[in-house]
Amino acid sequence: MTTTTVDAYPTRGSSEVITPRQDPVVWSAPGAPGPIRPTELAGYERDGFLTVDQLITPSEVAVCRAELDRLVADPTVRADERSIVEPASQAVRSVFEVHRISEVFADLVRDPRVVDRARQILGSEVYVHQSRINVKPGFGASGFYWHSDFETWHAEDGLPRMRTVSVSIALTENHDTNGGLMIMPGSHRAFLGCAGATPRDNYRKSLRMQEAGTPSDQALTTMADRHGIRLFTGPAGSATWFDCNCMHGSGDNITPYPRSNVFIVFNSVENAAVEPFAAPARRPSFIGARDFTPVR
Ligand code: 6CS
Ligand code: FE
């Protein structure tokens, strides 16, 4: 007997459609144990994000940076499909699934400062849906246009509900000039279903420049007018935790200063991926995990 999952968040049809969020933002019960203080958790519920000034120490940042540099310089990593290169410079832009190919990032994922925050927000055991290092070198590295990650993870990876949280840990200084993360505070409370069907093998292009799942100018203007835009800056070691449905993006980096980060996506084991809701086929497992083993 095949079980069909109800599509609570329709997207990639013939026109844009807005669906109010039907899921909690914070899934753990009030007062549940965890490293996030109640006031911080309330801020996350309201805004869709929270920041940690120093999630990892400068010496831990140095270890992660050295590992990032090692991976980026490794020709076998560069040749692997997990690596995305900048179209213009051919510099490595991202490497996916670093929690599986690197012990340093595997340790970071299971660090209580990281995984316990994810468990507290998602109210359950968690697994890694996706991890990546973003190098974002200087001198022209391109940014990511406005999007909701959940829109892609629902449409193309088959995540049923909004029970997913991302953490971006800065490995270099995030200045207000070198292409930092921007989020529209509160935008996580409405789902913007985008117009336009998903092309086959969309990921081969979307990880460089997203087209399917891109909101219209009108929708973005309405959202920006309503919510505003927050730019995240901070030292290496700082972190931004944000809900899967935040409308976010980042600009190009034309400064000489790289904006490198490690990006980890935790999904609740209660929200494991099913079949894509709006795509002809699953994406490869290095982008959308199919191993739901909880982080230990
Ligand atoms: O498609 C994805 O899964 C990735 N794309 C972006 C621009 N953000 C989320 C995620 O890493
Ligand atoms: Fe994103």
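Three bridges join strand 3 to strand 4 (residues 92-96), and the two strands run antiparallel. This pairing belongs to a predicted model, in which an open sheet of seven strands has the order 2-11-7-13-5-4-3. The points below begin with that sheet, go on to the helices, and then turn to the iron ion and to some backbone angles.

**The sheet**

- The pairing in the open sheet of seven strands is antiparallel, and its edges are formed by strand 2 (49-52) and strand 3 (83-85), each of which pairs on one side only.
- Neighbouring strands of this sheet are turned against each other by 15° on average, when direction is ignored.

**Helices that touch the sheet**

- Helix 5 (residues 103-110) packs on the sheet, where it touches strand 5 (126-134), strand 7 (164-170) and strand 13 (261-268), and its direction makes about 50° with that of strand 13.
- Helix 6 (residues 112-122) runs at about 40° to strand 13 and lies across strand 2, strand 5, strand 7, strand 11 (239-243) and strand 13.

**The buried face of helix 5**

- The buried residues of helix 5 are Phe105, Ala106, Leu108 and Val109; seen down the helix axis, they fall within an arc of 160°, so they line one face of helix 5.
- An α-helix has 3.6 residues a turn, so residues three or four places apart point the same way.
- The cover over the buried residues of helix 5 includes helix 2 (58-73), helix 4 (98-101) and helix 6, together with strand 5, strand 7 and strand 13.

**The two sides of helix 1**

- In helix 1 (residues 38-47), the buried residues are Leu41, Gly43, Tyr44 and Asp47, and they cover an arc of only 155° around the axis, which puts them on the same side of helix 1.
- Pro38 and Thr39, on the other side of helix 1, are exposed.
- Among the elements that cover the buried residues of helix 1 are strand 2, helix 6, strand 7 and strand 11.
- Just after helix 1 comes Gly48, which takes a positive phi of about 95°.

**The iron site**

- The iron ion (ligand 2) is coordinated by His147 through NE2, by Asp149 through OD and by His248 through NE2, at 2.1 to 2.3 Å.
- The site of the iron ion (ligand 2) has four donor atoms with angles of 83 to 179° among them, and it is irregular.
- Along the chain, the donors of the iron ion (ligand 2) follow the spacing H-x1-D-x98-H; Asp149 lies in helix 7 (residues 149-155) and His248 in strand 12 (residues 247-250), so the pair ties together parts that are 99 residues apart in sequence.
- Asp149 counts as buried at 8% relative accessibility, and His248 is buried with a relative accessible area of 6%.

- Arg12, which is not a glycine, has a positive phi of about 65°; Arg12 is placed in the segment before strand 1 (17-20) and counts as buried, at 6% relative accessibility.
- Asp201, a residue other than glycine, has a positive phi near 55°; Asp201 is found in the loop between strand 9 (190-193) and helix 8 (203-206), and is partly exposed, with a relative accessible area of 42%.

Key: Residues are numbered from 1 along each chain as its sequence is written. Chains are lettered from A and ligands numbered from 1 in the order in which they are written. This is a predicted model: local features need pLDDT of at least 70, side-chain atom pairs count only at pLDDT 80 or more; totals for chains, interfaces and linings use all residues. Side-chain values use heavy atoms; hydrogens and water are left out. Donors are N, O and S atoms within 2.8 Å of the metal (3.2 Å for Na, K and Ca); water is not among the atoms, so sites may look incomplete. Four donors count as tetrahedral if all angles lie between 85 and 135 degrees; four count as square planar and six as octahedral if opposite donors are over 155 degrees apart and all others between 65 and 115; anything else is irregular. Helices (H or I, at least four residues) and strands (E, at least two) are DSSP runs, numbered from the N terminus. Buried means under 20% relative accessible area, exposed over 50%, partly exposed in between (1.4 Å probe, protein chains only). Two strands pair if DSSP finds at least two bridges between them. Axes are lines fitted to C-alpha atoms, for helices over the stretch in contact, and angles run from 0 to 180 degrees between N-to-C directions. Contact means heavy atoms within 4.5 Å. The arc is that of the directions from the helix axis to the C-beta atoms.
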